[in-house]
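Have the sequence and the 3D view open as you read.

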Amino acid sequence: MENIQGEVALKKVWFSYEPGKPILKDINLCIPAGKKIALVGTTGAGKTTILNMLPRFYDIESGDITIDGHSICDIKRDSLREMMAIVLQETHLFTDTVRENIRLGRLEATDEEVEEAARLTSAHSFIKRLPHGYDTLLENDGENLSQGQRQLLNIARAAIANPAILLLDEATSNIDTRSEIRIQKGLDRLMQDRTSFVIAHRLSTIQNADQIVVLEYGQVIEQGTHQELLDKKGKYYSLYKEQFG
């Protein structure tokens, strides 16, 4: 696929890890290109499963998922995954320099593009303070960096891939509050004009989503903006009150 806009639609999607125990039940969603959608719900509601369906880590049982009108079943897995970047709760860095860890997102990227991605995602300032800057060697999964710094490198790696679609699964949940503010700024810049799916336990991080989808037992039970869902005084309102009193 060329000139990907990033419009994503899930149509009557069903999925089970075990026969007879559906995890997703008749999911219908339409995400316009460039918009940010947040998936909210208690553990086991189906949020991460939806994210796993998009790059076809698992194939749906019935229904369809389309990108710009094309069924993902008709797109080669390699091509499909090239148009996406994933930032997970757990970070993984390799025994190599900071520069090469970022470049892993797009191996042909120039040094200038690596630094540009780091600036975009708020990683540049801490990298410059490392003993050898971008040429600092990382070992043992980056144990010489803080958790927040490791996650910023992960986000810079996603940025350099320049994906049409961004998948974020609890990307800030392991981070202290001070680091979270910096990381959130980097994520906000990365999500600009990209179709983004965000799972976040901390509802404060998704209040600016274009659309919030509340899931329960594999079904969509509420959908709307932050304010619309608060006004409904339903499940989202309850979750919000639990966190903010």
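First, some ground rules. This is a predicted model, where local features need pLDDT of at least 70, side-chain atom pairs count only at pLDDT 80 or more, and totals for chains, interfaces and linings use all residues. Residues are numbered from 1 along each chain as its sequence is written, and side-chain values use heavy atoms, with hydrogens and water left out.

Rolling a probe the size of a water molecule over the atoms shows where empty space is left. The search runs on a 1 Å grid over the protein atoms alone: a cavity is a set of points where a 1.4 Å probe fits but cannot get out, while a pocket is an open set with protein on both sides within 12 Å along at least five of seven lines. Lining residues have an atom within 4 Å of a point. Points are joined across faces, edges and corners, and a volume is the space filled by probe spheres set on them.

| Space | Volume | Lining |
|---|---|---|
| Largest pocket | about 490 Å³ | 18 residues |
| Second largest pocket | about 360 Å³ | 21 residues |
| Largest cavity | about 80 Å³ | 13 residues |

Start with the largest pocket. Met-84, Ala-85, Ile-86, Gly-105 and Arg-157 lie nearest its centre. At least two lining residues come from each of α2 (77-82), β6 (84-87) and α6 (147-161); helices (H or I, at least four residues) and strands (E, at least two) are DSSP runs, numbered from the N terminus. The lining has 10 nonpolar, four polar and four charged residues, with Ala, Val, Leu, Ile, Met, Phe, Trp, Tyr, Cys and Pro counted as nonpolar, Asp, Glu, Lys and Arg as charged, and the others, Gly among them, as polar.

In the second largest pocket, look for Gly-41, Thr-42, Thr-43, Lys-47 and His-201 nearest the centre.

Two or more lining residues come from each of α7 (177-191) and β10 (195-199). Eight residues of the cavity lining are nonpolar, three polar and two charged.

**Helices side by side**

How do α6 and α7 sit together? Their axes, lines fitted to C-alpha atoms over the stretch in contact, come within 10 Å and cross at roughly 5°. Angles run from 0 to 180 degrees between N-to-C directions. The two helices are therefore roughly parallel to each other (angles under 35 degrees count as roughly parallel, over 145 as roughly antiparallel, 65 to 115 as roughly perpendicular and the rest as oblique). Contact means heavy atoms within 4.5 Å; residues of α6 including Leu-152 and Ile-155 meet residues of α7, among them Ile-183 and Leu-187.

The other pair is α4 (residues 111-120) with α6, whose axes come within 8 Å and cross at roughly 120°. α4 and α6 are therefore oblique to each other. In α4, Glu-113, Val-114, Ala-117, Ala-118 and Leu-120 meet Ala-156, Ala-159 and Ile-160 in α6. That contact has seven nonpolar, no polar and one charged residues.
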